[in-house]
Amino acid sequence: MKRKYSSMVVAGLCIAFLTGCQETPEDAIVRQKGADSVKSYESAEENAQAGTSLRELLGAPEHYANNASYDGGGLVIDTDADVILPETNTISTYAVTAKEVNQDMIDTVTNAFFDDAKFYSSHTYDQWTKQDYQDDINRLKKYKSEGNLDPYEYGTDENGQPQFNIDDVIARDEEDMKTAPDEITKEEVKPSFGLEYWNGKGEERVKEVDEDWFFGVVETAQGNYDYTISYGLAPDISFKISKDKDDIVADPREFAEWIETSYLLGGEENGEIRLTEDDVKGMLDISMEDAQKIAEEKVEKLGWGLEVYNWDYAVFHHGEGGARKESILEAGYLFHFTRKVDDVRITYTTEYGGGLEDMDSTLTPWSYERCDVIVGKDGIEKVEIYNPYEVGAVQTEHVKLMDFDSIAKIYEQMMEVSNADITKYETNRTYHIKRIVLGYSRIYDPTTDSDSGLLVPVWDFIGGFDNKNEEYEGTNNGEYSNQSFMTINAIDGTVIDRGLGY
């Protein structure tokens, strides 16, 4: 909830800038953003001087430190960050569009990650058999006999009633078991949109079509994978691959998932250390080099020019109580891939982009390009691919950039402004900014076009934070973080809301 609150404050401020509800004084530190925020910018040919680095041109230091305290110490911005720039002396802006979604794209992803595999429809493959229902009934009755009436930690509703009624679920299982098949039906398919399937039971059974979805199970020599392709929120397209873990998670009702450890390492929650790097290393059965080779070999087959931007540890945990040392079953490596354009990388952050300014918005959002691959001891464990880009022509060559001092001034003021009401909800918050990165980000104007935009240079201020209120105290020193708390357009100094994408 703490992260959600911060995002809401920043989003609200950015809406104010976008709509121009309040006139900006001539000497304002941040310019208003309007419908022309995605535009051509001023070119500066002098930036292309041979032998002059971008760091020299912008007056950017190797390291930047500043500590500012506001509201009686309720808000502290502690910046102690390496300043990271691309090895180039100029940056240009590029047109970018959503890559065309068609069968060729589906085949490209499918062939990149699966060799000699068979694909089956999830609608029949994942259907429970009579034995599956009996196993579930036996398991639930065992929980009940042990006095565990809430085995999945669902809790109670506002009226104090259990969210998970174990007796109702057992009764439903017993009823469903009567019409369940003795064996699953393996319906071999080709990953694609438009596949038909049967939905419902008995006389209510009807044939339906997955017009812009694919739900599949993939059988490979390394085990089974769930494979989902979603185009239901066009222009967003997503490919999700996840290895089945039935061998270590026996209860199919139990929540289990991979999570990156940047949220867990380097911090505490109510005085308890979440996880240490040594904890994770003790679970690893593959070297980082071998894991990266596996990931790169797969992603290279896509042919999209994606390269490893950075990596993190990932852990596979189970249970509703979050990732704790005692709930972690496996560990691996998570590789974040982005593309490089003219020696400038698209900066990876935790934001997916494509958010909406409010729940009543009728705009069509477009999330960022993203490619994340988790590799464990048995190879590929999980893959998420979103919205591959088609990078077009240069829009402004050798674009003119603001100097670093001006950017730093905007950052310091806007960190205060965007957290103006923080002490209404928290006793105090301390930001730890550990990296300041200049790279590309995609911006767009959803009011005019939802699948085209610009790659523009931006400064991201990345780190973690400590926060405290009456019920909670958490710390994150930001050393492992990829979360950007401020994104500033390096050309004109406008603040970009990474959650929105502009």
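## Briefing: charges, rings and backbone

Arg 324 has a relative accessible area of 30%, which makes it partly exposed. Its salt-bridge partner is Glu 326, with N and O 3.0 Å apart. Glu 326 is exposed, at 57% relative accessible area. The model is predicted. Across the structure there are 30 salt bridges and 27 aromatic pairs.

**Salt bridges**

- Side chains of opposite charge can pair when their charged atoms come close.
- Lys 142 pairs with Glu 146 in a salt bridge, and their closest N and O atoms are 2.6 Å apart.
- Lys 142 is partly exposed, because its relative accessibility of 49% falls between the limits of 20% and 50%.
- Arg 253 and Asp 173 form another salt bridge, with 3.4 Å between the closest N and O atoms.
- This pair links distant parts of the chain, 80 residues apart. Arg 253 sits in the loop between strand 9 (238-243) and strand 10 (256-260), while Asp 173 belongs to helix 6 (residues 166-177).
- Asp 173 is buried, at 3%.
- Both residues also take part in a network of salt bridges, made up of Asp 136, Arg 139, Asp 173, Asp 251 and Arg 253.

**A patch of negative charge**

- Four residues gather in a negatively charged patch on the surface: Glu 87, Asp 342, Asp 343 and Glu 397.
- Glu 87 lies in the loop between strand 2 (75-84) and strand 3 (93-98). Its relative accessible area is 74%, so Glu 87 counts as exposed.
- Asp 342 lies in the loop between strand 14 (328-341) and strand 15. With 46% relative accessibility, Asp 342 is partly exposed.

**Aromatic rings**

- A pair of aromatic rings is described by the distance of the centres and the angle of the planes.
- How are the rings of Tyr 352 and Tyr 386 arranged? Their centres are 5.4 Å apart and their planes meet at 85°, so the pair is edge-to-face. The cut-off for that label is an angle over 60 degrees.
- The two tyrosines come from distant parts of the chain, 34 residues apart. Tyr 352 is in the loop between strand 15 (344-345) and strand 16 (370-376), and Tyr 386 is in strand 17 (residues 379-386).
- Tyr 352 is partly exposed at 34% relative accessibility. Tyr 386 is buried at 13%.
- Elsewhere, ring pairs join Phe 114, Phe 119, Phe 214, Tyr 225 and Tyr 227 into a cluster.

**Backbone features**

- Where is there a cis peptide bond? One joins Ala 234 and Pro 235, with omega at about 15°. Pro 235 is in the loop between strand 8 (223-230) and strand 9.
- Asp 342 is not a glycine, yet its phi is positive, at about 50°.
- His 398 also has a positive phi, near 50°, and is a residue other than glycine.
- The place of His 398 is the loop between strand 18 (389-396) and helix 9 (404-418). His 398 is buried, because its relative accessible area of 14% is under the 20% limit.

**After strand 22**

- Ile 496 is in the segment after strand 22 (484-489). Is Ile 496 buried or exposed? Ile 496 is buried, with 5% relative accessible area.
- The C-alpha atom of Ile 496 is 8.3 Å from that of Ile 443, and the two residues are 53 residues apart along the chain.

Terms used. Residues are numbered from 1 along each chain as its sequence is written. This is a predicted model: local features need pLDDT of at least 70, side-chain atom pairs count only at pLDDT 80 or more; totals for chains, interfaces and linings use all residues. Side-chain values use heavy atoms; hydrogens and water are left out. Patches are made of residues with over 30% relative accessible area and no salt bridge: like charges are joined within 9 Å, nonpolar side chains (Val, Leu, Ile, Met, Phe, Trp, Tyr) within 5 Å. Accessible areas come from the Shrake-Rupley method with a 1.4 Å probe; for residues, only the protein chains shown count as cover. A salt bridge is a side-chain nitrogen of Lys or Arg within 4 Å of a carboxyl oxygen of Asp or Glu. Lys and Arg count as positive and Asp and Glu as negative; His and the chain ends are not counted. The place of a charge is taken as NZ of Lys, CZ of Arg, CG of Asp or CD of Glu. Helices (H or I, at least four residues) and strands (E, at least two) are DSSP runs, numbered from the N terminus. Buried means under 20% relative accessible area, exposed over 50%, partly exposed in between (1.4 Å probe, protein chains only). Rings of Phe, Tyr and Trp (its six-membered ring) pair if their centres lie within 6.5 Å; planes under 30 degrees apart count as stacked, over 60 as edge-to-face and the rest as tilted.
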